[in-house]
Amino acid sequence: VSNSVTVLGLGLMGRALARAFLKAGHPTTVWNRTASKTDALVADGAHRAESIVDALRAGTLVVVCVSDYAAIHQALDPHVEHLDGRLLVNLTSGDSRLARETAAWANNHGAHYLDGAIMAVPPAIGTAEAVILHSGPQSDFESHEATLSALGTVSHLGADHGLASLYDVAGLAMMWSVLNAWLQGTAMLRTAGVNAATYAPFAQQIANVVAEWLPRYAEQVDSGSFPAEVSSLETDIAAMEHLLAESQAAGVSTELPRLIKTIADRAVAAGRGREQYPVLIEEFSRSSRP
Ligand code: NDP
């Protein structure tokens, strides 16, 4: 079934979104602050809205993807009466507070609202590789899921509008932590003449093994009970000392090894040394921590 869709914002990402809707056969209306960016899409079959009001009038489903939330308000605040009855799917990057505020704002003007996060680059949009997260009322997601699926692998995380942003940044924490850990090892091995490409398959294997631990460790976090099933924090700390000493001896950065050990040391000082690694959730869950 082809459903019509409006795309507001035709930057690098907005253009990719509009193109994917068109390719999937959905009648697509486009609007951009700088009107010339609509030309190529119109040539490919998109309908040009002459104004943002015309864009909002074109159909129920309105996907917005602009630089930031301030841009959304700059564009839409003067025309809020036209939001009534629309489903606004906001794929602009932001944080959970902004998502929840914008949901309340949209609801106040009679619109349904889903907040989204795009975990992909524009060339991946329209392929299964593009992961797009949504949060907000499940019924709003389900009623337009078929159309939104033109963009990639879409999922619904829950009713709280802040969830898409929270998952987005949680994913970034994972990504940067894995990359930093890999770079630490690479820096150490290079001092022994091992190049990055030689070490990479080993690093990849370790990352995969650790990833396998997550479901069981998550059960420990959720139950609040951390028996040392495979190793205790005290045992881990001895290995952390090796990592730190080797980094020092190799003359590479000790920042990351020191951070790893500092967090674990605090948990040991708090009497948690005989428990398993996920007990550190308590160190991560306090805002009084550095
Ligand atoms: P671009 O800089 O390419 O495009 C920005 C868009 O926002 C343009 O359409 C611009 O309009 C519009 N805009 C900015 N300010 C206003 C305003 N005051 N009123 C109306 N429109 C405005 O950015 P991207 O397309 O790359 O990114 C868009 C969003 O997608 C961002 O939130 C980004 O974080 C997110 N995203 C992007 C990814 C990427 O790889 N590019 C990946 C994942 C998420 P104009 O043409 O008139 O300037």
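Predicted model: local features only at pLDDT ≥ 70, side-chain atom pairs only at ≥ 80, totals over all residues.

Trainee: Okay, where do Arg 57 and Asp 54 lie?

Mentor: Both are in helix 3, residues 52-57, three residues apart, which is about one turn of the helix.

Trainee: And is Arg 57 buried or exposed?

Mentor: Arg 57 counts as exposed, at 52% relative accessibility.

Trainee: What does the pair of Asp 44 and Arg 19 tie together?

Mentor: Asp 44 sits in the loop between helix 2 (39-43) and strand 3 (47-48), while Arg 19 is in helix 1, so the bridge ties together parts that are 25 residues apart in sequence. Asp 44 is partly exposed, with a relative accessible area of 47%, and Arg 19 is partly exposed too, with 35%.

Trainee: Which residue pairs with Asp 265?

Mentor: That's Lys 261, and the closest N and O atoms are 2.8 Å apart. Both residues lie in helix 10 (255-269), four residues apart, again about one turn of the helix. Lys 261 counts as buried at 14% relative accessibility, whereas Asp 265 counts as partly exposed at 32%.

Trainee: Which residues are linked in a network of salt bridges?

Mentor: Arg 216, Glu 219 and Glu 229.

Trainee: Changing topic. How is the protein divided into domains?

Mentor: Domain 1 covers 5-158 and domain 2 covers 191-284. Taken over C-alpha atoms, their centres are 41 Å apart.

Trainee: What about the largest nonpolar core, how many residues has it?

Mentor: It has 30, and Leu 17, Val 63, Leu 91 and Ile 125 have the most contacts inside it. The elements giving two or more residues to this core are strand 1 (5-8), helix 1 (12-23), strand 4 (61-64), strand 5 (87-90), strand 6 (112-119) and helix 6 (138-148).

Trainee: Which of those gives the most?

Mentor: Helix 1, with seven residues.

Trainee: And what does Ile 125 touch?

Mentor: Leaving out residues up to four places away in sequence, its contacts include Met 13, Ala 16, Leu 17 and Ala 20, and also Ile 118, Ile 132 and Leu 151. There's a second, separate core as well, with 21 residues, among them Leu 76, Ala 99, Ala 103 and Ala 106.

Trainee: Last topic, the ligand. Which residues come nearest?

Mentor: Of the 22 residues around the ligand, Asn 32, Thr 34, Lys 37, Gln 74 and Ser 93 come nearest. A polar side-chain atom of Lys 37 is 2.6 Å from a ligand oxygen. For Asn 32, an N or O atom in the side chain is 2.7 Å from an oxygen atom of the ligand.

Trainee: Does Ser 67 use a backbone or a side-chain atom?

Mentor: Backbone: a polar backbone atom of Ser 67 lies 3.1 Å from an oxygen atom of the ligand.

Terms used
Residues numbered from 1 in each chain as written. Heavy atoms only, no water. Domains from an automatic or database assignment. Core = buried A, V, L, I, M, F, W, Y, C linked by side-chain atoms within 4.5 Å. Buried < 20%, exposed > 50% of the residue type's maximum accessible area, 1.4 Å probe, protein only. Contact = heavy atoms within 4.5 Å. Salt bridge = Lys/Arg side-chain N within 4 Å of Asp/Glu carboxyl O. Near = heavy atom within 4 Å. Polar contact = N/O pair within 3.5 Å; in protein donor to acceptor, adjacent residues only side chain to side chain.
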